[in-house]
Amino acid sequence: MASNVNPTVRRRRLGQELRRLREQRGMTAEEVADRLLVSQSKISRLENGRRSISQRDVRDLCGVYEVEDRRIVESLMQMAKESRQQGWWHAFGDIPYSVYIGLETDAASLRVYEPQVVPGLLQTRPYAEAVVAGALPEAGAADIERRVQVRMRRQERIREDRTPLRLWAVLDESVLRREVGGRHTMAEQLGYLNEMSQQPHVTLQVMPFSMGAHPGVNGQYAILEFPEASDSTVIYLEGVTSDLYLEKANDVQNYSVMYEHLRAQALNPDQTREFIEDVAKQYARG
C-alpha cells in the first residue's frame with residue numbers, strides 16, 4: 001500500500017516550492033549556484049526532485065531567497081526531513097527504477113503504452129519471472145527473485161479497495177504474440193489480463209498489427225497523474241541504463257495527445273477482451 005510519507009513525492013513537492021521561491025526572487029539557477037558556491041546542476045536536481053534534499057540545503061536556499069516567515073522555513077525543513085526517509089521499495093536493495101516506483105506508488109492514474117511485454121502491474125508471477133530472466137541474462141537467481149518480488153508488491157496499488165490506481169493500458173499485438181515463459185504461462189497471463197480488465201478502474205486495449213503505423217511506434221511510455229493539483233503530470237520513458245522523466249507542459253501535452261490517438265485507433269475494451277481470449281485459446285491448445 002502507499003505509505004503516508006512518500007519520499008519521492010516529497011522531494012518533487014519540495015523542489016517545486018523551492019523553484020517557485022527562486023522565481024519569485026527573479027533569480028536564475030546559475031545565480032543561486034554562484035551565491036552558494038555549488039554547481040548549477042545541483043540546483044536543477046534539487047528543483048526537479050531527482051536529488052535528495054537536506055535540511056541544510058533548504059536553510060541555505062531560504063537564506064538566499066530571503067524567506068522571513070519561519071513557518072514557511074520550518075514547513076520546508078520538515079518536507080526535507082521526510083524526503084530523506086525510505087519508501088517500502090528500499091527494503092529490496094538497489095532498484096534501478098526506484099524513482100519511478102515512488103511516483104507510481106503515489107499516482108492517482110497511469111496511462112501506459114507497451115509494445116513488447118505486459119505492463120508490470122498486470123503480470124502474473126510466472127510471466128514476470130520469465131520477463132526478468134530474459135531481460136537480464138547475466139542476473140543471478142536471487143536478483144531475479146528480488147525484482148519479481150518488487151513487481152508483485154507494486155501490484156498492490158491496483159488492488160486497493162478504497163483508492164486503487166486507475167490504469168489505462170494500450171498493448172501492441174506483439175505483446176500477446178511474444179511467447180514469454182512458454183505456452184501455458186502465456187495462456188495463464190492472457191486469462192489474467194482479461195480478468196483484470198473487468199475491474200472498473202482498469203481499461204485495456206490492444207493495437208492490432210492490422211492498424212499498421214501508429215503514434216506508438218517510437219516505443220514505450222507512461223503518463224502518471226497525481227491526486228494533488230500541485231503535483232505536475234510526469235511522462236516516464238524507460239531506458240536500459242537510465243530513465244527519462246519529462247514534466248514540461250509542452251512535453252506532457254504532446255504525449256497526452258499521442259496517447260489519445262492510440263486509444264482512438266486501438267480495439268475498444270470489449271473487442272480487446274475477445275481478441276485476447278482468441279489468442280489465449282491458441283496457446284491453450286498447444
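Is Arg111 buried or exposed? Arg111 is buried, at a relative accessible area of 12%, where buried means under 20% relative accessible area, exposed over 50% and partly exposed in between (1.4 Å probe, protein chains only). The model is a predicted one, so local features need pLDDT of at least 70 and side-chain atom pairs count only at pLDDT 80 or more, while totals for chains, interfaces and linings use all residues. Residues are numbered from 1 along each chain as its sequence is written, and side-chain values use heavy atoms, with hydrogens and water left out.

Salt bridges come next. A search of the whole structure turns up 22 of them, a salt bridge being a side-chain nitrogen of Lys or Arg within 4 Å of a carboxyl oxygen of Asp or Glu. Arg111 has one with Glu260, at 3.8 Å from N to O. That pair ties together distant parts of the chain: Arg111 sits in strand E1 (residues 109–114) and Glu260 in helix H11 (residues 249–265), 149 residues apart. Helices (H or I, at least four residues) and strands (E, at least two) are DSSP runs, numbered from the N terminus. Salt bridges with shared partners join Arg111, Glu225, Glu260 and Arg263 into one network.

Glu104 is another acidic residue worth a look. It is found in helix H6 (residues 98–106) and counts as buried because its relative accessibility is 2%. Its side chain makes a polar contact of 2.8 Å with that of Arg154; a polar contact is a pair of N or O atoms within 3.5 Å, and within protein one must be able to donate a hydrogen and the other to accept it, with residues adjacent in sequence counting only if both atoms are side-chain atoms. Setting aside neighbours within four places in sequence, Glu104 is in contact (heavy atoms within 4.5 Å) with Leu110, Leu121, Arg154, Arg157 and Leu224.

Leu224 leads on to the strands. It stands opposite Val234 in E5, and strand E4 (residues 221–225) runs antiparallel to E5, joined to it by three bridges. Two strands pair if DSSP finds at least two bridges between them. On another pairing, E5 and strand E6 (residues 244–246) are antiparallel over three bridges, with Leu244 in E6 as the bridge partner of Leu237. Within E5 (residues 234–237), Val234 and Tyr236 point one way and Ile235 and Leu237 the other, and all are buried.

Backbone angles give two further details. Leu37, in the loop between helix H2 (29–36) and helix H3 (40–47), has a phi near 60 degrees, a positive value in a residue other than glycine. Leu37 counts as exposed, at 77% relative accessibility. Glu66 likewise is not a glycine and has a positive phi, of about 55 degrees. The loop between helix H4 (55–64) and helix H5 (70–83) holds Glu66.
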